[in-house]
Amino acid sequence: MTSGVDWDSDPDFKKIRDQFIESFAEREKALLEAIAAAPASDEQIAKIRLVAHRLAGAAESYGFAALTQVSGALDDWICSGQAKGASELLGQKTAMLARALALARTSRQDPTGLLESAEYKALFR
């Protein structure tokens, strides 16, 4: 379910959403830095989870339901304990979220098409 707000019709709403979108670059950078060194340490896993968790909690409010789905799936997977000892898969799933952020940031739209990609389905379903 999306927020139902027409973000472009109100300048104040648009400014808030634009600020949220601008935060994607920092989040993407944090994710990519966390997976740069393999194998993933507990600290790196916790950092990835924190970014994914916060994004899952906020993205849909700004009209990014697909971003919520990707970040929520990563957060849930990490919370299940499956990330420990699975650095390669953690890297792939985290890279997918980073890619979703990059798509959303550059297009300024929810990356809904990503959810239908074979890569996403293989990683998260």
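Helices here are DSSP runs of H or I with at least four residues, numbered from the N terminus. The model is predicted, so local features need pLDDT of at least 70 and side-chain atom pairs count only at pLDDT 80 or more, while totals for chains, interfaces and linings use all residues. Residues are numbered from 1 along each chain as its sequence is written, and side-chain values use heavy atoms, with hydrogens and water left out.

- Helix 1 (residues 11-36) has 26 residues and should span 38 Å at 1.5 Å a residue, the expected span being 1.5 Å times one less than the number of residues; its end C-alpha atoms are 38 Å apart, which agrees.
- Asp 10 caps the N-terminal end of helix 1, with a side-chain oxygen 2.7 Å from the backbone nitrogen of Asp 12.
- Asp 8 lies in the segment before helix 1 and is exposed (over 50%), its relative accessible area being 57%.
- Asp 8 and Asp 18 are ten residues apart along the chain, and their C-alpha atoms are separated by 10.0 Å.

**The nonpolar core**
- The largest nonpolar core has 34 residues, and those with the most contacts inside it are Phe 24, Leu 67 and Leu 74.
- Helix 1, helix 2, helix 3, helix 4 and helix 5 (118-124) each supply at least two residues of this core.
- Such a core is a set of buried Ala, Val, Leu, Ile, Met, Phe, Trp, Tyr and Cys residues joined through side-chain atoms within 4.5 Å.
- Leaving aside residues up to four places away in sequence, Phe 24 touches (heavy atoms within 4.5 Å) Leu 55, Phe 64, Leu 67, Leu 101, Ala 104 and Arg 105.

**Helix 2 against helix 4**
- The axes of helix 2 and helix 4 come within 12 Å and cross at roughly 40°.
- Helix 2 contributes Ile 45, Ile 48, Ala 52 and Leu 55 to this contact, and helix 4 contributes Leu 90, Thr 94, Leu 97 and Leu 101.
- Axes are lines fitted to C-alpha atoms, for helices over the stretch in contact, and angles run from 0 to 180 degrees between N-to-C directions.

**Arg 108**
- Arg 108 is placed in the loop between helix 4 and helix 5.
- Arg 108 has a positive phi of about 60° although it is not a glycine.
- Most residues other than glycine have a negative phi.

Conventions
Polar contact = N/O pair within 3.5 Å; in protein donor to acceptor, adjacent residues only side chain to side chain. Buried < 20%, exposed > 50% of the residue type's maximum accessible area, 1.4 Å probe, protein only.
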